[in-house]
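Hello,

Here is the structure I promised to pass on to you. Please open it beside this message, and then read on for what turned up in it.

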Amino acid sequence: MPSAKFRLGKIVSTPNALARLSQDDILRAIQRHQAGDWGDVAAGNSGANERALIEGTRLWSVYRAANGTKFWLITEADRSATTVLLPEDY
């Protein structure tokens, strides 16, 4: 299992994400996110996440569930919370 690069804080989710994603999809994405695997973010956003690890700013990852649903994980700058949400929930 990869090592954690940052704290997640409290993990929360939108109702829409909970309804459309499996628990396995969410848990795998959380593991990837915390290990610094940003999923399907654009190259520029991947670099922004790497800087955010150093500067202490917000982290954003993009994943796809087994059913094809695109979803995001966002960890707040102060690392107090990580939110699982669908793009339309933002």
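Thr57 touches Ala52, Ala77 and Arg79, leaving out residues up to four places away in sequence, where touching, or contact, means heavy atoms within 4.5 Å. Thr57 sits in the loop between helix 3 and strand 2; helices (H or I, at least four residues) and strands (E, at least two) are DSSP runs, numbered from the N terminus. With a relative accessible area of 34%, Thr57 is partly exposed. (Buried means under 20% relative accessible area, exposed means over 50%, and partly exposed is in between, with a 1.4 Å probe and protein chains only.) Thr57 and Thr75 are 18 residues apart in sequence, and their C-alpha atoms are 8.8 Å apart in space.

Before going further, please note that this is a predicted model, in which local features need pLDDT of at least 70 and side-chain atom pairs count only at pLDDT 80 or more, while totals for chains, interfaces and linings use all residues. Residues are numbered from 1 along each chain as its sequence is written, and side-chain values use heavy atoms, with hydrogens and water left out.

Back to Arg79, one of the residues that Thr57 touches. Arg79 is in the loop between strand 3 and strand 4, and its relative accessible area of 9% makes it buried. Its phi is positive, near 60°, in a residue other than glycine. The hairpin of strand 3 and strand 4 has 5 residues between the strands.

That brings us to strand 4. Strand 3 and strand 4 pair in the antiparallel sense over 4 bridges, and Leu73 stands opposite Val84. Strand 1 and strand 4 pair in the parallel sense, also over 4 bridges. (Two strands pair if DSSP finds at least two bridges between them.) On this side, Val12 stands opposite Thr83 in strand 4. In a regular strand the side chains alternate between the two faces of the sheet. Both faces of strand 4 are covered: Ala81, Thr83 and Leu85 on one side are buried, and so are Thr82 and Val84 on the other.

Val12 itself lies in strand 1 and, at 32% relative accessibility, counts as partly exposed. Not counting residues up to four places away in sequence, Val12 touches Thr82, Thr83 and Val84. Val12 and Ile74 are 62 residues apart in sequence, with 10.0 Å between their C-alpha atoms.

Which residues have the most contacts inside the largest nonpolar core? They are Leu21, Phe71, Leu73 and Val84, in a core of 21 residues. (A nonpolar core is a set of buried Ala, Val, Leu, Ile, Met, Phe, Trp, Tyr and Cys residues joined through side-chain atoms within 4.5 Å.) Helix 2, strand 2 (59–64), strand 3 (70–75) and strand 4 (81–85) are the elements that give two or more residues to this core, and strand 3 gives the most, with 4 residues. Leaving aside neighbours within four places in sequence, the contacts of Val84 include Leu21, Ile26, Phe71 and Leu73.

Helix 2 is worth a look too. Its buried residues are Asp25, Ile26, Ala29, Ile30 and His33. An α-helix has 3.6 residues a turn, so residues three or four places apart point the same way. The buried residues of helix 2 pack against strand 1, helix 1 (15–20), strand 2, strand 3 and strand 4. Gly36, which follows helix 2, has a positive phi near 90°.

A search of the whole structure finds 4 aromatic pairs. (Rings of Phe, Tyr and Trp, the last by its six-membered ring, pair if their centres lie within 6.5 Å; planes under 30 degrees apart count as stacked, over 60 as edge-to-face and the rest as tilted.) Phe6 and Trp38 have ring centres 6.2 Å apart and planes at 25°, so this pair is stacked. The pair links distant parts of the chain: Phe6 is in the segment before strand 1 (10–13), and Trp38 is 32 residues away in the loop between helix 2 (23–34) and helix 3 (43–55). Both Phe6 and Trp38 are buried. The rings of Tyr63 and Phe71 have centres 5.9 Å apart and planes at 45°, so that pair is tilted. Tyr63 is buried at 3% relative accessible area, and Phe71 is buried at 1%. Finally, ring pairs link Trp60, Trp72 and Tyr90 into a cluster.

Best wishes
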